[in-house]
Amino acid sequence: MLSQTVEYALRAMTHLAALPSDAAANSETIAERTQVPKGYLSKVLRDLVVAGLIDSRRGPNGGFALARPASRISILDVVNATDPLKRIEHCPLGNPAHLDLCPLHRRLDDAIAMIEREFGRTSLAEVAASSVRTSNACRTLVGLTVQRADPHRRDAR
Amino acid sequence: MISQTVEYALRAMSHLASVHHAATSVEIAGATKVPHGYLSKIMRDLVCAELVRSFRGRRGGFILARDPGAISVLDIVKAVDPIHRIERCPLDEPLQTTVCPLHRCLDDAVAHIEQSFARATLVGVAGTGAPARGRGRSRRNPDGRANPGVADRSENAELSVRGDGIGGRSISR
């Protein structure tokens, strides 16, 4: 139901959200922690940079970091940056008589709208912070990353 | 978000709910604008799931296996392209039984879709989903009553609540 791209983008963003505020992570580390193939991840990260959700920094302590606080980035922002939810705006049957959506497509669009609202309401901070606090599952994603603010690590991007 | 397979299956089922005869796959493909080969595969899945029955012979074709009010959108989705719930985090060991907040949030969204589709029956969505050729916009349910889902397209109206039955009111507020 949710695309692989969205899943990968959310893993990467959750990882970045769990970093200390001044830290950045290079793409190797993100790929390793999130278990996302490196080539695929680069494409996803590029989309996130273009959407202004993350910054890429050059230099020895460079890498990727959130462009704004995790509390101000919603799950929907991440989804829309990488694989936008497509609302149904007109009947796909192309019938000119269908100026409004038919009940079938209205229903389907309502379901998509509901997901949109739900994702819009949930911030990255909520999913990342509670992961760390409860030391819940997906520890590989956030638990270990907290140790990662390694100033000696070279940016190998 | 909603796969092409699901879209096509819903169109085919809406068509069957709006006609009074057994419809051949050629007729359904024409009315729903679904490629014939693709449609055949979908019809097979719908027959396997016992949502549709097929009849041989000159007047043969496909009909709904039960009342449209007793077929939910979720039944159709499950038959052709089931919704996968997230039962465990993809990054954790197989023995990990809890789901992290990120995947909990995603699974909640999937669960809401599932509930919404379980509540919508074919009575609520059929009628205009797959307009029959030459008839233009159909405003009638298979039982001949006007389809209130067409005349009144209030965005927030629940199109149909399961259990209303075929002749029941299709809009509940």
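This is a predicted model: local features need pLDDT of at least 70, side-chain atom pairs count only at pLDDT 80 or more; totals for chains, interfaces and linings use all residues.
Let's begin with the largest pocket, which holds about 420 Å³ of space. Its lining is made up of 21 residues, and those nearest the centre are A:K86, A:I88, A:I112, B:M1 and B:I2. If you look for the elements that give two or more residues to this lining, you will find α5 (103–121) of chain A together with α1 (4–18) of chain B.

Next, turn to helix α1 (residues 4–17) of chain A and helix α5 (residues 101–119) of chain B. These two pack at an angle of about 145°, and their axes lie 11 Å apart. The crossing of α1(A) and α5(B) is right-handed. On the α1(A) side, the residues in contact are A:E7, A:L10, A:R11 and A:T14, which meet B:L102, B:H103 and B:L106 of α5(B). Taken together, the residues of this contact comprise three nonpolar, two polar and two charged.

Finally, have a look at helix α2 (residues 25–32) of chain B. Why can it be called largely enclosed by the rest of the structure? Because six of its eight residues are buried, each with under 20% relative accessible area. The buried ones are B:S25, B:E27, B:I28, B:A29, B:A31 and B:T32, and they pack against α1, α3 (36–48) and β2 (61–64) of chain B. Follow the chain just past α2(B) and you reach B:K33, which takes a positive phi of about 60°.

Terms used: Residues are numbered from 1 along each chain as its sequence is written. Chains are lettered from A and ligands numbered from 1 in the order in which they are written. Side-chain values use heavy atoms; hydrogens and water are left out. On a 1 Å grid over the protein atoms alone, a cavity is a set of points where a 1.4 Å probe fits but cannot get out, and a pocket is an open set with protein on both sides within 12 Å along at least five of seven lines; lining residues have an atom within 4 Å of a point. Grid points are joined across faces, edges and corners, and a volume is the space filled by probe spheres set on the points. Helices (H or I, at least four residues) and strands (E, at least two) are DSSP runs, numbered from the N terminus. Axes are lines fitted to C-alpha atoms, for helices over the stretch in contact, and angles run from 0 to 180 degrees between N-to-C directions. A crossing is left-handed if the near helix is turned anticlockwise from the far one by less than a right angle, and right-handed if clockwise. Contact means heavy atoms within 4.5 Å. Ala, Val, Leu, Ile, Met, Phe, Trp, Tyr, Cys and Pro count as nonpolar, Asp, Glu, Lys and Arg as charged, and the others, Gly among them, as polar. Buried means under 20% relative accessible area, exposed over 50%, partly exposed in between (1.4 Å probe, protein chains only).
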